Amino acid sequence: MSLLAVEDLCVSRGGLPVLEGLSFAVRAGEALVLRGPNGIGKTTLLRTLAGLQPPLAGRISMPPEAMAYAAHADGLKSTLTVAENLAFWAAVYATEDIEPALERMNLRGLRDRAAMSLSAGQKRRLGLARLLVTGRPVWVLDEPTVSLDAASVALFAEAVRGHLATGGAALIATHIDLGLTEARLLDLGPFKAPPPEAGGFKGQFDEAFL
Amino acid sequence: MSIWEYANPVKFMKTSSLVLPWAAGLTAISLIVGLVWGFFLTPEATNFGSTVKVIYVHVPSAMMAINIWAMMLVTSLIWLIRRHHVSALAAKAAAPIGAVMTLIALITGAIWGQPMWGTWWEWDPRLTSFLILFLFYLGYMALWGAIDNPDTAADLTGVLCLVGSVFAILSRYAVNFWNQGLHQGATLSLDKQENIADVYWVPLLFCIAGFVLLFVTLVLMRTRTEIRARRLKALEQRERMA
Amino acid sequence: MIALLIRDLRLAVRAGGGFGLGLAFFLIVVTLVPFGVGPEGGVLARIASGILWLGALLACLLSLDRIFALDFEDGSLDLLATAPIPLEGVVTMKALAHWITTGLPLVVAAPVFGVLLHLPQGAYLWLIVALILGTPALSVLGTFGAALTVGLKRGGLLMSLLVLPLYVPTLIFGAELVRRGAAGMATQVPLMMLAGITAATIAIVPFASAAAIRVNLR
């Protein structure tokens, strides 16, 4: 059963289509890694999947309340402690226990530190621990390993593996090799939207002005 | 063939270029007729003197000040519901005209009020409401100016226009409640023509028609400018993509 | 959603006197007014309720522009928008947190400031009633202005221009309620209008604010 399926999707940034004709599916227990050069529209695609912006065309099918999104920024409040930050998101997603997440992301010892006193890598780990407390099966991750050292990347890969083993799925945009050998790769290059004169997407409105 | 066809920018440009000279010509004719007739060919009112003639600018501009906001409300709704870009651009184009009309109404009101009431400004409900309306116009225009992405700006100003309309009406009633004023009631309700004698009435009609046509002309011109600006932007973006 | 309220209140407290700052500002306004209009008790008594209302308006406004901007900058607004709570609820909770940190302290402290301004004897009760009924609308309308300007670098001044005209009805009926109450006149109309505007604002404006945030996140 596929947890996330995308059909003939076209996404836009700043009113211009960036990716089109995109189709893929992610099944339970599967990870899909999105690759592509800067500016190809990885973030735009993930934001569209997260429902933050509407697609220009195409279909996204996903069970309701299935997705947890993690963006570039971790959304941490610097004056709250690690545990408070995590407990807040646990409450929002109506899951109570933050201990397993602290354990998995190796944050136990930091639980009462204010988030502002964490290093960049520790913050990132806290941001990923947030994913664990959401209890959602589909993870949509935008550059999750930025500012993580090798050990933390391994920790992250382990967390993803554990998530997949319990029937979850993950969609990850990244430049770095995560050591997730079992993950499928999807190169976004071929889906780059052609410029309008080469027969690009016509429904887009700014074209109506030409 | 439906009315929404004109929401297509190309179609709009074509049609508006045909309409524009006629609108401009009719504006000139009716404004010249109305203002000359009103200013020079009507008798001086017995108890008002010549100051009453400011009515030929004051009343039409005040009417337009309110009607332009209503037009912006309608075009904003069309944009929010049907996503026709020309509609949003028309609302954007209308706002400065509305603001100027409000300002004209306020200034001519002051010019009229000075000899009538002995004061340039009074915190009368009508005057106050117009001042508040002017503030709404300013906020609306400022929001358009502050946001770079044209679609985001259109959406946000559209929402502001909706909320603003509700609160503008609320303010009108609140202000009425707050202070009973000096300003006379509406001079021009159709069934109460006895309020104003025919000699003043006919040139006033010309002036009102002239102001409406002036607005149509200006808003068409400004919408065309906005569309051209958008076209330029689209071309630049295309350049960058290629 | 309660978690969001608690988080925002906690943040306000940790950010250094979330409750105190609005009050201090209110106190400064009240202190400065007599310098501007002169110290005669009669003059102050007549304008006291208006000054207190204006102070409440400004204190409210000054604390508003960061209400979404901080969450926008650190990415939590994105995450909240994808979280299983409706954005309308987020907006309402934010407004409530704002009201608790600025509106409520003003309501409590207003009688004290009233003394400084020689507020007439009979006006105290009405002042408290008017502020309790009116200030929630100020916070909710403020979230609308903040939502419109959330993506802008320097949104503060623009937000004032957008929000202050929306405050007109609340200010008019609020000040009128105090004035009439103090003079022993009938207060039913301003009382009901003030309560009605606040209720309608709380019911409707969060939808507009949430719509504006969605547009800004797009």
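1. Over which residues of chain B does pLDDT stay under 50? The stretch is residues 188-194 of chain B. The model gives this stretch 9 contacts beyond four places in sequence. Keep in mind that this is a predicted model. For chain B, the mean pLDDT is 84. In that chain, 87% of the residues reach 70 or more.

2. Now the scores for the model. It has an ipTM of 0.88 and a pTM of 0.87. The mean pLDDT of chain C is 87, and 99% of its residues score at least 70. Chain A averages 80, with 92% of its residues at 70 or above.

3. Chain A also has a stretch to read with care. Its pLDDT is below 50 over residues 199-205. That stretch has 19 contacts in the model beyond near neighbours in sequence. Among the elements of chain A, confidence is lowest in strand β8 (residues 184-187), at a mean of 79. It is highest in helix α1 (residues 42-49) of chain A, at 87.

4. Next, the interface between chain A and chain C. Here 25 residues of chain A are in contact with 22 residues of chain C. The two chains bury about 2000 Å² between them. Of that area, 65% is on carbon and sulfur atoms. Three residues stand out on the chain A side: Leu52(A), Lys77(A) and Phe88(A). They supply 29% of the area that chain A buries against chain C, more than any other three residues.

5. Now the helices of chain C. Two packed helices are described by the angle between their axes and the distance between the axes. Take helix α6 (residues 87-116) and helix α7 (residues 123-148) of chain C. They pack at about 150 degrees, with their axes 8 Å apart. An angle over 145 degrees counts as roughly antiparallel, so α6(C) is roughly antiparallel to α7(C). The crossing of α6(C) and α7(C) is right-handed.

6. Which residues make this contact? On α6(C) they include Val91(C), Trp99(C), Leu106(C) and Val115(C). On α7(C) they include Tyr124(C), Leu131(C), Pro136(C) and Thr143(C). The contact residues of α6(C) and α7(C) divide into 15 nonpolar, 6 polar and no charged.

7. Helix α7(C) also packs with helix α9 (residues 168-182) of chain C. The angle is about 170 degrees, and the axes are 8 Å apart. That angle makes α7(C) roughly antiparallel to α9(C). Residues of α7(C) in this contact include Ala123(C), Trp126(C), Ala130(C) and Leu138(C). They meet residues of α9(C), including Thr170(C), Gly174(C), Leu177(C) and Ala182(C). The contact of α7(C) with α9(C) has 10 nonpolar residues, 4 polar and no charged.

8. Helix α6(C) has a contact with helix α1 (residues 2-14) of chain C too. These helices pack at an angle of about 40 degrees, with their axes 9 Å apart. That angle makes α1(C) oblique to α6(C). The crossing of α1(C) and α6(C) is right-handed.

9. What takes part in the contact of α1(C) with α6(C)? From α1(C) come Leu4(C), Leu5(C), Arg7(C), Asp8(C), Leu9(C) and Ala12(C). From α6(C) come residues including Val90(C), Met93(C), Lys94(C) and Ile100(C). This contact divides into 9 nonpolar residues, 1 polar and 3 charged.

How values were computed. Residues are numbered from 1 along each chain as its sequence is written. Chains are lettered from A and ligands numbered from 1 in the order in which they are written. This is a predicted model: local features need pLDDT of at least 70, side-chain atom pairs count only at pLDDT 80 or more; totals for chains, interfaces and linings use all residues. Side-chain values use heavy atoms; hydrogens and water are left out. pLDDT is the predictor's confidence in each residue, from 0 to 100. Contact means heavy atoms within 4.5 Å. Axes are lines fitted to C-alpha atoms, for helices over the stretch in contact, and angles run from 0 to 180 degrees between N-to-C directions. Helices (H or I, at least four residues) and strands (E, at least two) are DSSP runs, numbered from the N terminus. Angles under 35 degrees count as roughly parallel, over 145 as roughly antiparallel, 65 to 115 as roughly perpendicular and the rest as oblique. A crossing is left-handed if the near helix is turned anticlockwise from the far one by less than a right angle, and right-handed if clockwise. Ala, Val, Leu, Ile, Met, Phe, Trp, Tyr, Cys and Pro count as nonpolar, Asp, Glu, Lys and Arg as charged, and the others, Gly among them, as polar. Buried area is the accessible area (1.4 Å probe) that two parts lose on being put together, summed over both.
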